[in-house]
Amino acid sequence: MSTTSDPAVQLRIAFVCVQNAGRSQMATAFAQRERDRRALDNRVTILTGGTHPADHVHQEVVTVMDDVGFDLSDRTPREITTEELQSCDYVVTMGCSTLDLKAVGAEVDVRDWALDDPAGLELKRVRELRDEIKRHVTALFDELGAEPP
């Protein structure tokens with residue numbers, strides 16, 4: 001397994017869901033913060049996208065992420081390509097992906113966090129999902145051997 005404890009190691013991590021308008025956007029925001037907090041800017045590339053992207057990030061997600069200091073209001077969901085995913089070390093799906101995981105390749109570590117879709121849920125439940133995503137992201141960076149300074 002690749003780790004970030006070796007300064008020469010470059011990692012690519014993708015967070016993917018169908019619409020790229022909720023869970024994957026939250027995961028990406030937390031991952032970017034973890035990358036910065038652990039001084040891994042030059043060693044970890046973070047991608048996000050969806051197989052059928054929405055027009056905008058879900059308002060529920062914008063609201064609950066604003067609660068913890070993230071402004072996702074200007075983010076635009078995007079499509080992610082098989083080629084992008086094949087270039088990754090880790091691909092994290094949110095439990096909704098329509099990806100053909102065989103096309104990603106056996107050398108990519110694919111994980112499914114099996115999270116509920118936040119669209120249309122009450123803010124209390126979306127906050128719970130947000131906190132669960134934060135725990136997953138922190139655990140992933142811990143597993144990669146990326147110690148905070």
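This is a predicted model: local features need pLDDT of at least 70, side-chain atom pairs count only at pLDDT 80 or more; totals for chains, interfaces and linings use all residues.
I count two rings of Phe, Tyr or Trp (its six-membered ring) as a pair if their centres lie within 6.5 Å.

**Aromatic pairs**

I searched the whole structure with that rule and got two aromatic pairs. One is F15 with W113, a tilted pair at 5.9 Å centre to centre and 50 degrees between the planes. It ties together distant parts of the chain, 98 residues apart: F15 sits in strand β1 (residues 11-17), W113 in the loop between β4 (109-112) and α5. I checked burial too, and both F15 and W113 are buried.

The other is F30 with F70, edge-to-face, with 5.2 Å between centres and 75 degrees between planes. Here I have F30 in helix α1 and F70 in the loop between α2 and α3 (82-86), 40 residues apart. F30 and F70 are both buried.

**T48**

Next I went to T48, in strand β2 (residues 44-50). Is T48 buried or exposed? I put T48 down as buried, because its relative accessibility is 13%, below the 20% cut-off.

Skipping neighbours within four places in sequence, I listed its contacts: F15, N20, S24, Q25, T28, R78 and I80. F15 turns up again, its backbone oxygen 2.9 Å from a polar atom of the T48 side chain. I also noted a side-chain polar contact between T48 and T28, at 3.2 Å. P77 is 29 residues from T48 in sequence, yet I read 8.3 Å from C-alpha to C-alpha.

**Helix α2**

Last stop was α2 (residues 59-66), where I found E60, V61, V62, V64 and M65 buried. Their cover includes α1 (23-37) and α5 (123-143).

Note on methods: Residues are numbered from 1 along each chain as its sequence is written. Side-chain values use heavy atoms; hydrogens and water are left out. Helices (H or I, at least four residues) and strands (E, at least two) are DSSP runs, numbered from the N terminus. Buried means under 20% relative accessible area, exposed over 50%, partly exposed in between (1.4 Å probe, protein chains only). Contact means heavy atoms within 4.5 Å. A polar contact is a pair of N or O atoms within 3.5 Å; within protein, one must be able to donate a hydrogen and the other to accept it, and residues adjacent in sequence count only if both atoms are side-chain atoms. Rings of Phe, Tyr and Trp (its six-membered ring) pair if their centres lie within 6.5 Å; planes under 30 degrees apart count as stacked, over 60 as edge-to-face and the rest as tilted.
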